[in-house]
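Below are some exercises to work through, each with a solution you can check as you go.

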Amino acid sequence: MAGRFPQRPTRTTVRGGHVVVPGGVPRQAVAAGKRRTWVPEGPLDPGLVLGPLRRGPHDPTFRAVPDGSVWRASRTPVGPGTLRVALRGGVVEAEAWGPGGEWLLDGVPSLLGASDEPDAFVPRHRAVAMAWRRRPGLRLTRTGLVLESLIPSVLEQKVTTDEAYRAWRLLVRKFGEPAPGPVPPGMFVMPSVREWALIPSWEWHRAGVDDKRASTILRAVRVAGRLEEAVGMSPEEARARWERVPGIGPWTSAETVQRSHGAADAVTVGDLHLPGIVGFVLAGDRDADDSVMLSLLEPYAGQRHRAARLILLSGRGPARRAPRMPRGDIGRL
């Protein structure tokens, strides 16, 4: 009997890639996307603007392809959606698929920095000024979404970036859903709030996520609605609300608000490497701590996150003095 009927797509086959229907045509290639264009004021580099949203080179929610297009798969307030943006002759061409497609298209200008105010920035150091001149297309993105930045930021707490990227990749691929539209292979939308809440403890363990970070994410998704409401607040008010959730501190809230709100002044405090890089570039002090970093960034008050971003883009930094931190994998225990 099994040979007489075509195999139905199961959860496993859907997650394995495109679902093939009779005739060999991928189901995702059938639906036409909705389109819009937008003309930005001044130079714009979409890859540079959207780069902070990418969680590692194999992030299943993000793709940058050779033709210059950038693809994002997001879970919007109205459902999952996929967005493709490309800059052609000074015009942004955007196309979107899925229930959340229209929502994503409406947010294209903000996503690409239309609400940012780069002209308010005045370089105070030579290294910053040089990076600013070399990156005229830099804008600060504003996604208008909280959990898609908050959850991976929690995963990055107190572990190497490789460990955090691996955890995000495994969890999204296993518990998310295929991104709608004719997307590049392997793209997924992150799990819904309910799916995050239903992830078994052993799956967190297999992904290398300890109980503390997993518990923080579970507490966050229980109040997801209240956290997402903060996109309508000021960055300071939003951070204060998020930090009421145990496990979410200043580091995590800063990393989130930089992406959800495009907060130009939200400098990340508590980072392992950033103070040393800022101290080295601005004052030759590779041993700078948070207090020294904040003092050095004081001339950029109101634009401290932009200044820190330019410092990172300058390509300068202290040489390593110790071997790279070893990567752990609690899933092997």
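A quick definition first: helices here are DSSP runs of H or I that are at least four residues long, and they are numbered from the N terminus. Keep in mind that this is a predicted model.

**Exercise 1. Find Thr216 and decide whether it is buried or exposed.**

Step 1: locate it. Thr216 sits in helix α10.

Step 2: apply the cut-off. Buried means under 20% relative accessible area, and exposed means over 50%. Thr216 comes in at 1% relative accessibility, so it counts as buried.

Step 3: Setting aside neighbours within four places in sequence, Thr216 contacts Val154, Val245, Pro246, Gly247 and Ile248.

**Exercise 2. Work out the strand order of the open five-stranded sheet.**

Step 1: start at β3 and β7. Five bridges join this antiparallel pair, and Trp38 stands opposite Val92 in β7.

Step 2: go from β7 to β6. These two run antiparallel as well, joined by seven bridges, with Leu83 opposite Ala96 in β7. They form a hairpin with two residues between the strands, where Gly89 takes a positive phi near 60°.

Step 3: go from β6 (residues 79-88) to β5. Here you find seven bridges in the antiparallel sense. Arg72 has Leu83 as its bridge partner in β6, while Trp71 has Arg84. A hairpin through two residues joins β5 to β6.

Step 4: finish with β4 (residues 62-64). Three bridges join β4 to β5, again antiparallel, and Ala64 has Val70 as its partner. The hairpin of β4 and β5 has five residues between the strands, and Gly68 in the turn has a positive phi of about 95°.

Step 5: The order is β3-β7-β6-β5-β4, with antiparallel pairing. The edge strands are β3 (34-38) and β4, since each pairs on one side only. From one strand to the next, the twist averages 20°.

As background, strands of a sheet pair through backbone hydrogen bonds.

**Exercise 3. Why is β5 described as largely enclosed?**

Step 1: count. Seven of the seven residues of β5 (residues 70-76) are buried, so the strand is largely enclosed by the rest of the structure.

Step 2: check both faces. Val70, Arg72, Ser74 and Thr76 point one way, Trp71, Ala73 and Arg75 point the other way, and all are buried.

Step 3: In β7 (residues 91-97), five of the seven residues are buried, so by the under-20% cut-off it is mostly covered.

**Exercise 4. Which strand gives the most to the lining of the largest cavity?**

Step 1: list the cavities. The structure holds two of 30 Å³ or more, and the largest has about 130 Å³ of space.

Step 2: look at the lining. It takes in 16 residues, of which Leu53, Thr61, Arg72, Glu148 and Trp168 lie nearest the centre. The elements giving two or more residues are β5 and α6.

Step 3: pick the top contributor. That is β5, with four residues.

**Exercise 5. Which residues touch the most other members of the largest nonpolar core?**

Step 1: the core has 33 residues, and Trp196 and Trp204 touch the most other members.

Step 2: zoom in on Trp196. Not counting residues up to four places away in sequence, Trp196 touches Ile151, Trp168, Leu171, Met190, Pro191, Trp204, Ile217, Leu218 and Val221.

Step 3: look for another core. A second, separate one of 20 residues includes Leu138, Ile277, Ala307 and Leu310.

Methods:
Residues are numbered from 1 along each chain as its sequence is written. This is a predicted model: local features need pLDDT of at least 70, side-chain atom pairs count only at pLDDT 80 or more; totals for chains, interfaces and linings use all residues. Side-chain values use heavy atoms; hydrogens and water are left out. Buried means under 20% relative accessible area, exposed over 50%, partly exposed in between (1.4 Å probe, protein chains only). Axes are lines fitted to C-alpha atoms, for helices over the stretch in contact, and angles run from 0 to 180 degrees between N-to-C directions. A nonpolar core is a set of buried Ala, Val, Leu, Ile, Met, Phe, Trp, Tyr and Cys residues joined through side-chain atoms within 4.5 Å. Contact means heavy atoms within 4.5 Å. On a 1 Å grid over the protein atoms alone, a cavity is a set of points where a 1.4 Å probe fits but cannot get out, and a pocket is an open set with protein on both sides within 12 Å along at least five of seven lines; lining residues have an atom within 4 Å of a point. Grid points are joined across faces, edges and corners, and a volume is the space filled by probe spheres set on the points.
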